[in-house]
Amino acid sequence: MSFTLYDALVPSWLQILDSVSSLLDKADAYCAKQQLAPMTLIDTRLAPDMYPLGYQVKATVVHSIGALEGARMGAYLPDRSPWPDSFAGLRDQVATAIDRLSALSRAEVNGFLGRDLRFEAGSYKLNFLVEDFLLSFSQPNFYFHSTTAYDILRAQGVAVGKIDFLGKLRHRV
């Protein structure tokens, strides 16, 4: 059996998106226990020049299913829409990404190999092969933003640990 583009991306994105959803559950419970308004955490930044938790969660969606949609279209335009302002809204966004990723076939994702993709952000444009875009741009961004979401929650006192980030491992039984 060969290792494919689908194998390199989709199972791990599903694993971490499931973890991000669980992190949001813990953040929501933390706010309730501490009598904090959810926006207190959703608007929290790891550093002043970084985006807040809400953006970090949205970016995990954008750099997983959003990247594959860009591959399908041959163009990736960053999603500049606002992120949800509630834990329920963020969880719904993640759940939708999980559902859409789960519905993809291996054949479709592997069929993107060798196709051209144009990244466009305003007047800034880059040309990629789909696999180079996914593996050198979207995948690192996905992990950056999911890690940053974890780090924000951890830094704010939410009881999360490494296993909460890793989620369900795909181990042999």
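## Report on a predicted single-chain model

Apart from its neighbours within four places in sequence, Gln139 makes contact with Ala8, Leu9, Trp13 and Leu134, where contact means heavy atoms within 4.5 Å. Gln139 belongs to helix α7, and it counts as buried because its relative accessibility is 18%. The term buried stands for under 20% relative accessible area, exposed for over 50%, and partly exposed for values in between (1.4 Å probe, protein chains only). Between Gln139 and Ala95, 44 residues apart in sequence, the C-alpha to C-alpha separation is 19 Å.

The model is predicted, so local features need pLDDT of at least 70 and side-chain atom pairs count only at pLDDT 80 or more, while totals for chains, interfaces and linings use all residues. Residues are numbered from 1 along each chain as its sequence is written, and side-chain values use heavy atoms, with hydrogens and water left out.

### Overall architecture

The chain contains eight helices and three strands. These elements are DSSP runs numbered from the N terminus, with helices (H or I) of at least four residues and strands (E) of at least two. In sequence order, the pattern is α-α-α-α-β-α-α-β-β-α-α. The chain is as compact as a globular protein of its length, because its radius of gyration of 17 Å is close to the 16 Å that the globule rule gives for 173 residues. That radius is taken over C-alpha atoms, and the globule rule is 2.2 Å times the number of residues to the power 0.38.

The C-alpha trace spans about 50 × 50 × 25 Å along its principal axes. Of the 173 residues in the chain, 43% are buried. Among contacts between residues at least 6 apart in sequence, 75% join residues at least 24 apart. The accessible surface comes to about 9200 Å², and carbon and sulfur atoms account for 55% of this surface; accessible areas come from the Shrake-Rupley method with a 1.4 Å probe.

The chain carries 17 positive and 18 negative charges, whose mean positions are 4 Å apart. In this count, Lys and Arg are positive and Asp and Glu negative, with His and the chain ends not counted. Each charge is placed at NZ of Lys, CZ of Arg, CG of Asp or CD of Glu.

Helix α1 covers residues 5–34, a run of 30 residues. From its first C-alpha to its last, α1 reaches 43 Å, close to the 44 Å expected at 1.5 Å a residue; the expected span is 1.5 Å times one less than the number of residues.

Gln15 lies within α1 and is buried, because its relative accessible area is 15%. Leaving aside neighbours within four places in sequence, Gln15 is in contact with Leu166, Lys168, Leu169 and Arg170. The C-alpha atoms of Gln15 and Arg72 are 22 Å apart, although 57 residues separate the two along the chain.

Just after α1 comes Gln35, in the loop between α1 and α2. With a relative accessibility of 74%, Gln35 counts as exposed.

Helix α3 (residues 53–62) is mostly covered, with nine of its 10 residues buried. Among the buried residues are Leu53, Gly54, Val57 and Val62. Their cover includes α1, α2 (38–42), α4 (65–73), β1, α5 and α7 (130–155).

Ser81 sits in the loop between β1 (75–76) and α5 (87–103). The C-alpha atoms of Ser81 and Arg45 are separated by 18 Å, the two residues being 36 apart along the chain.

| Residue | Relative accessibility | Class |
|---|---|---|
| Gln15 | 15% | buried |
| Gln35 | 74% | exposed |
| Ser81 | 33% | partly exposed |
| Gln139 | 18% | buried |
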